[in-house]
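Here is a short report on one protein model and its ligand. Look at the structure first, then read on.

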Amino acid sequence: MDEFYTLLKQYNSDNSNEALPEWTKIYSESTPPVYWTVLKNILNNYSRNNSVFEIGAGAGDILALILNLGFQNVVGIEKDLFLTGIANKKLEHFFKRKATVVHGKYPMSISKPNILIQVNCVYFENIYSKEDYLIQLKSFYQNASPDYFLLEVIDSSFIAESKAFPNFVRLSEKNIQDTFTGKTIDSFKTYEYPINTSSKRLYLIS
Ligand SMILES: C[S@@+](CC[C@H](N)C(=O)[O-])C[C@H]1O[C@@H](n2cnc3c(N)ncnc32)[C@H](O)[C@@H]1O
């Protein structure tokens, strides 16, 4: 078991709060979610000089992983003000750094990061079709113009009814290839229904 995850899990349990969304509890479980480990294995291949930007930082658990791996130039954005505070408090506790997470809604103008991360963050406000959802994903990527985009999406193999994940956010490898034409694309299974609440895949686009 990851030594840092044990500390993070303990911090999250000690600071549990009824106002926190249900999904934050995955970081109080005895083992980390699969996408945490997949992300860690991918990031371990990269120089720690690379800058990292996370879209939808939530309670800061992914940024905590990234900082613990030794990346220094790290920023996240979170649209929920309460979670932004929770995340910054957590990152200050572990890494003695302030204001790692900016409160705001992506996309916004940012300096080009080497690595752009969007995991466990399915965002589709005012979007009702797969075509528009893919256009948004591409625009998120183009807004940052990163060297590497680590993007986790709901996989098209997930066919159960779900209000949280309408059909148009369920993507196949072909959808990703057609959206990011000319890029090198690897992918890793992260969640699998019914063991998890959906099936997800994390794409490495470079
Ligand atoms: C399910 S949480 C996951 C957080 C984190 N990525 C993790 O894996 O622990 C997704 C977060 O993304 C935030 N979010 C969604 N769309 C966003 C956007 N366009 N800009 C900023 N934050 C966003 C939500 O408020 C939510 O806190």
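How many nonpolar, polar and charged residues does the shell around the ligand have? The model is predicted. Its ligand shell has 10 nonpolar, 3 polar and 5 charged residues. Among the 18 residues around the ligand, Gly56, Gly58, Lys79, Asn120 and Tyr123 come nearest. Helix H3 (61–69) and strand S2 (74–78) each supply at least two residues of that shell.

| Helix | Buried residues | Covered by, among others |
|---|---|---|
| H2 (residues 34–43) | Tyr35, Trp36, Val38, Leu39, Leu43 | H3, S5 (148–155), S7 (185–189), S8 (200–205) |
| H4 (residues 81–95) | Leu83, Thr84, Ile86, Ala87, Asn88, Lys90, Leu91 | H1 (3–14), H3, S2, S3 (101–103) |

Take H2. Its buried residues are Tyr35, Trp36, Val38, Leu39 and Leu43. They lie on the same side of H2, because they cover an arc of only 165 degrees around the axis. An α-helix has 3.6 residues a turn, so residues three or four places apart point the same way.

Now H4. At 1.5 Å a residue, its 15 residues should span 21 Å. The end C-alpha atoms of H4 are 21 Å apart, which agrees. Lys96 follows H4, and its phi is positive, near 55 degrees.

Finally, the core. The largest nonpolar core has 46 residues. Leu39, Ile62, Leu63, Ile66, Ala87, Ile117 and Leu150 touch the most other members. S5 gives this core its largest share, 6 residues. Leaving aside neighbours within four places in sequence, Ile66 is in contact with Leu43, Val52, Phe71 and Val74.

Methods. Residues numbered from 1 in each chain as written. Predicted model: local features only at pLDDT ≥ 70, side-chain atom pairs only at ≥ 80, totals over all residues. Near = placed C-beta within 6 Å. Helix = DSSP H or I, 4+ residues; strand = E, 2+ residues; numbered from the N terminus. Nonpolar A, V, L, I, M, F, W, Y, C, P; charged D, E, K, R; others polar. Buried ≥ 20, exposed ≤ 12 C-beta atoms within 10 Å, placed from the backbone. Arc of directions from axis to C-beta. Contact = placed C-beta atoms within 7 Å. Core = buried A, V, L, I, M, F, W, Y, C linked by C-beta atoms within 7 Å. Expected span 1.5 Å × (residues − 1).
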